[in-house]
2 protein chains.
Amino acid sequence: MKIATEPPKTPGLSVSEAQACILGKIIPLDAEEVGLGEALGRALAEEVCANRDLPPYDVSAMDGYATRAADIGEAPKTLQIIEDIKAGDTPRFSLQPGQCARIMTGAPLPPGADTIVRLEDTRPLEHDKVEFPIPVKPGTDIRQRGESMREGEVVLQPGEEITPGTIGVLATVKRAKVKVVRKPRVAILSNGDELEALDEPFDPRKIPDSNSYALMAQTQALGIEPILLGIARDNPEELASFLRQGLEYDVLLISGGTSVGVHDHVRPTLAALGVTIHFWRVEMRPGHPVAFGTSDHALVFCLPGNPVSSMVCFEQLVLPALRRLMGHRRLFRRAIPVRLAKAVKTKQGRAEFVRATLSRDASGAYVATPAASQSSGNILSMTHADVLLVAPGRHNALNMDETAQAQLLESAIWQSTPDTELDGGFLL
Amino acid sequence: MKIATEPPKTPGLSVSEAQACILGKIIPLDAEEVGLGEALGRALAEEVCANRDLPPYDVSAMDGYATRAADIGEAPKTLQIIEDIKAGDTPRFSLQPGQCARIMTGAPLPPGADTIVRLEDTRPLEHDKVEFPIPVKPGTDIRQRGESMREGEVVLQPGEEITPGTIGVLATVKRAKVKVVRKPRVAILSNGDELEALDEPFDPRKIPDSNSYALMAQTQALGIEPILLGIARDNPEELASFLRQGLEYDVLLISGGTSVGVHDHVRPTLAALGVTIHFWRVEMRPGHPVAFGTSDHALVFCLPGNPVSSMVCFEQLVLPALRRLMGHRRLFRRAIPVRLAKAVKTKQGRAEFVRATLSRDASGAYVATPAASQSSGNILSMTHADVLLVAPGRHNALNMDETAQAQLLESAIWQSTPDTELDGGFLL
């Protein structure tokens, strides 16, 4: 019987140090060209310029009448309608004194016109006459040529995250294809003799492999479709074969097999395959035993086997790495300040990530209620959490009514009620 | 020449009224079965129960030694190691007095064991002996059978939004397929003679159609792949043909053609095709002329032609409708309270949605800076906005330092810096 090596007592890195270590080794992937339909959520990899002035000519900003302001200096005044101009038309006539043209939003101004009078500020008379009962300010409700963008102007910069608005700009400048940073290819491997695969028959003594699927979904949530390699059993040859396969991807996520006991073949096998391990402990909870390594072209994360630990380590360490590979500048989940509805005990010296639900108080301020179970084995607590509260590890508790930062998880991007406080007070 | 009908002076609905009108006409779509790989972000359409106890037996929560607490009542004590148990093993022996077993996290407790002693709290001796230098509390570091879930227990409810954690739970209970609410089929149509399609040659007098693509991306951001029908010109037959095609979908989004002038064929043509229009004005800015109608099976939204107006109307009115169709309970974008870095003029009586960027002050509180241009024609202002500030229309300004609600747009789900305040103070 072999004797376990006692683990070194040196503390692991702090979460910030671990993030800095990881991000310091990553540069964004190379660019590829994609169609507009595939560009959402990607990082732009080129500068984009306007290909024409917009609007391309002075246009009406409203439905109404194009006029010469001098004509209706002394309201009320009646003018003759000489034309009907809608968006896309080319005006046929120049406005002469005493004339106006009916005009639609976005339609080009006829020569001679300098002012738009809104439809609701006019009074239709018989046939081709209209009355302007009130004076107008010259230049009103005209959108001038080039007001939105000027031909040749840089409208988008490399590195911008492509949002729906960006897609609108790309269509505006007629870019059917665009250069974006390519997505990382991600492989996921579970590890452990106790695991039962999703497609294996039920065995009451086994533990279902959920980590592969939770990690898959966390990766999908970033817009990346990962590959599931399956489950490596505690057999060195099988493990080596799986790891060799996984190292052909840009990123390999391994769950389980990170503990410090005698049975851990993962780290030595990775080392034999040319992976340098940069750290293997981070002072965080859940998630303490977590390792990060690099080969000449792949990133490797060894995540804990506990379902919640695996997910929380992904959130704090893998997510920013994947977002940097994708060329993004905003690498971390949005966090908002929240007031604690009840205290949580934490462990001084370790950052803790506390699952909690969100609500609002009467003033509209956010309140977080920590989940009753913070067990790292209990995936249900993760499923029903809106946020991860960050307990920085300076103290041994987050106190009731204290303010903490709360990282918004997927489902918390949405809320149940609108906040158009039209009727006074929040609609909560 | 026809004379324009003067528009009615009745005010439109408030945003809340419009949302209530729309949501009141929607029930979630029917269910479909999908694989776990396609389930993220969907609403669950069935109850899900645990199919076994988890853990399936008492397991060790740590790497260490399984012991009989009575044996090490008076520490220090040396015990004999009789076995090595890892996750997935079946223990071969019962612990007798004076014996212990080396055990890994997740491994089953051997009969007779009642306490786990962590590896770091032990001292290895020669061969098959280990010393326990400190006393232990009976029952320590054991995860009990059924602690995470009990066989038959309901673990997920219909209507839950499927997050990565939910995918983990589904894998845990061995559900390779799951019933979810199906996605709406969405068609998008642009409307207007002035529009130049993305694949049409450059014409200096035309306006590029950007709305189809921005709406496409807004729809994709909800996990729905829409169909772009193209551009309907101001020709009644062509328009009718496009609308007939669009009404075969669950949701038809039409941009442009909602103004009240003589050239608007959209509303009468929709009426002729059996669509009842429920409202055609909402007191919001941007976005004032916006219509909502229903046929016997389709929802129709007529959105303004201005790029920003179209996007803001989608956000406030279409997005909650699509999310309800998908079976979700959280229908609206998450909004957070922010302090205004500078004042914005608004118009009393209309809700305004003000594009702004987010930053934080020294205390970590959020500050919003309204974009310089709030022109509804300027899509760049939408592209670079983090949030839409909600100005409820009760007053004619949002004042500097006032608190407003800020709806988080796509790119604001992420932030540039971590908030693991390990070193004291915010890392901003």
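A residue counts as buried when its relative accessible area is under 20%. By that rule, helix 3 (residues 211-220) of chain B is mostly covered, with 10 of its 10 residues buried. The model is predicted, and chains A and B are in contact through 138 residues of chain B and 138 residues of chain A.

**Relation of the two chains**

- Two copies of a chain are related by a rotation about an axis and a shift along it.

**The interface between chain B and chain A**

- The size of an interface is often given as the accessible area lost when the parts come together.
- Between chain B and chain A, about 11,600 Å² is buried, and carbon and sulfur atoms give 60% of that area.
- Within chain B, the residues that lose the most area to chain A are B:Arg205, B:Arg334 and B:Trp414, which together give 7% of what that side buries.
- The rule finds 8 salt bridges across the interface.
- A:Glu196 forms a salt bridge with B:Arg52, and the closest N and O atoms of this pair are 2.7 Å apart.
- Helix 2 (residues 164-172) of chain B supplies 8 residues, the largest share of the side of chain B that touches chain A.

**A:Lys174, a buried residue**

- A:Lys174 is located in the loop between helix 2 (164-172) and strand 12 (177-181) of chain A.
- Its relative accessible area is 17%; A:Lys174 is therefore buried, as this value is under 20%.
- A polar atom of the side chain of A:Lys174 lies 2.5 Å from the backbone oxygen of B:Glu200.
- Beyond its neighbours within four places in sequence, A:Lys174 is in contact with residues of chain A and chain B, among them A:Asn51, A:Arg52, B:Glu196, B:Leu198 and B:Phe202.

**B:Ser416, a partly exposed residue**

- B:Ser416 is found in the segment after strand 30 (414-415) of chain B.
- With a relative accessible area of 43%, B:Ser416 is partly exposed.
- Not counting residues up to four places away in sequence, B:Ser416 touches A:Arg329, A:Arg330, A:Leu331 and A:Phe332.

**The cover of helix 3 of chain B**

- The buried residues of helix 3 of chain B include B:Asn211, B:Tyr213, B:Leu215, B:Met216 and B:Gln220.
- Their cover includes helix 2 of chain A.
- Chain B also contributes to this cover, through elements including strand 13 (186-191), strand 16 (227-232), strand 17 (251-255) and helix 6 (307-325).

**An open sheet in chain A**

- Strands of a sheet pair through backbone hydrogen bonds, either parallel or antiparallel.
- In chain A, 6 strands form an open sheet with mixed pairing, in the order 7-4-6-5-9-8.
- Strand 7 (115-118) and strand 8 (123-124) of chain A are the edge strands, each of which pairs on one side only.
- Strand 4 (residues 64-67) and strand 6 (residues 99-103) of chain A run antiparallel and are joined by 3 bridges.
- A:Tyr65 stands opposite A:Arg102, a residue in strand 6 of chain A.

How values were computed:
Residues are numbered from 1 along each chain as its sequence is written. Chains are lettered from A and ligands numbered from 1 in the order in which they are written. This is a predicted model: local features need pLDDT of at least 70, side-chain atom pairs count only at pLDDT 80 or more; totals for chains, interfaces and linings use all residues. Side-chain values use heavy atoms; hydrogens and water are left out. Helices (H or I, at least four residues) and strands (E, at least two) are DSSP runs, numbered from the N terminus. Buried means under 20% relative accessible area, exposed over 50%, partly exposed in between (1.4 Å probe, protein chains only). A polar contact is a pair of N or O atoms within 3.5 Å; within protein, one must be able to donate a hydrogen and the other to accept it, and residues adjacent in sequence count only if both atoms are side-chain atoms. Contact means heavy atoms within 4.5 Å. Two strands pair if DSSP finds at least two bridges between them. Buried area is the accessible area (1.4 Å probe) that two parts lose on being put together, summed over both. A salt bridge is a side-chain nitrogen of Lys or Arg within 4 Å of a carboxyl oxygen of Asp or Glu.
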